[in-house]
Amino acid sequence: MAAQEKRSQDFGQVILSWQMPEYAHHTKDKRWYMIAGTILLAILVYGLLAGEYIMVLAFALLGAVYYILHNEPPRDITFAVTSLGMIVDRDFYQFSDMESFWIVYNPPAVRVLYLRPARRLTTDIRIELMEQNPMIIRQLLQTQIKEIAGEGESLIDRMTRLLRL
C-alpha cells in the first residue's frame, strides 16, 4: 500500500496539500555576517570584562549553533488539510485539537497560516502558504475551526523576518 493511500485511510481524505520549507530561510550576505559577528563579539568582550563567563559561554554557543543550523537549507515538509484534520509533516492534528486559526497575508513578504492548538501548553503552528489561495484555505478551515479576525504576525516571526534570522 502506498504511503499516500495509508495517510488517506488514517487521517481522512486529502482535500488540499502543498510543500513548504521547514522554516523561513533568509539569504545572508557578507555584510549581514559582519554586523552579526561584530554584535556577538561586542557581547563576548563585555561579558569577559564584566566577569560573566557563563554569559560568554552561552552567547558563544548560541552563535555557533545558529551558524551550524542555518547554513543548511531547510527541508521541505508537507502540509495537508484532510476531511478529519490537518497533517503537518509527520504530525496529524484533528480539527477538535485546534482552538482557532488566522491568516496573515501581505505578499510577497508574509503569507502565513497560524493554527492555535486547544492545549495552550504548545505554541502556535506556523504554516507558509506559499502560492496557495488564502481564501480557499480560509473557507476550508472556517467550517471546522474558529477564525480570529484581525490577528497579525507574531512578534517573534516579525523580528525573525526583519533581522533575517
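**Aromatic rings**

I began with the ring cluster, in which ring pairs link W32, Y33, Y66 and Y67. I was reading a predicted model, where local features need pLDDT of at least 70, side-chain atom pairs count only at pLDDT 80 or more, and totals for chains, interfaces and linings use all residues. I numbered residues from 1 along each chain as its sequence is written, and the side-chain values I used rest on heavy atoms, with hydrogens and water left out.

My rule for a pair was that rings of Phe, Tyr and Trp (its six-membered ring) have centres within 6.5 Å; planes under 30 degrees apart are stacked, over 60 edge-to-face, and the rest tilted. I counted six aromatic pairs by this rule.

I then looked up Y33 and Y67, an edge-to-face pair with 6.2 Å from centre to centre and 75° between the planes. I noted that this pair links distant parts of the chain, with Y33 in helix α2 (residues 30–50) and Y67 in helix α3 (residues 53–69), 34 residues apart. My helices (H or I, at least four residues) and strands (E, at least two) are DSSP runs, numbered from the N terminus.

Next I checked cover, calling a residue buried under 20% relative accessible area, exposed over 50% and partly exposed in between (1.4 Å probe, protein chains only). I found Y33 partly exposed at 32%, and Y67 partly exposed at 48%.

I turned to W102 and Y114, which form a stacked pair, 5.1 Å centre to centre with 15° between the planes. This pair also links distant parts of the chain: I located W102 in strand β5 (residues 98–106) and Y114 in strand β6 (residues 110–117), 12 residues apart. I found both W102 and Y114 buried.

**Backbone**

I kept in mind that most residues other than glycine have a negative phi. I therefore stopped at D89, where phi is near 60°, a positive value in a residue that is not glycine, and where relative accessibility is 16%, which counts as buried. I placed D89 in the loop between β3 (85–88) and β4 (91–94).

I also noted M130, not a glycine either, with a positive phi of about 55°. I found M130 in the loop between β7 (125–128) and α4 (134–142), and partly exposed with a relative accessible area of 31%.

**Whole chain**

I listed five helices and eight strands for the protein, in the order α-β-α-α-β-β-β-β-β-β-α-β-α along the sequence. The radius of gyration is 20 Å, well over the 15 Å that the globule rule gives for 165 residues, so I wrote the protein down as more spread out than a compact globule. I took that radius over C-alpha atoms, and the globule rule is 2.2 Å times the number of residues to the power 0.38. The C-alpha atoms fill a box of roughly 60 × 40 × 30 Å along the principal axes.

I picked one separation to look up: the C-alpha atoms of I35 and M86, 51 residues apart along the chain, are separated by 40 Å. I35 lies in helix α2 and is partly exposed, with a relative accessible area of 43%.

I saw that 30% of the 165 residues count as buried. Taking a contact as heavy atoms within 4.5 Å, I noted that residues 24 or more positions apart account for 59% of the contacts with a separation of 6 or more.
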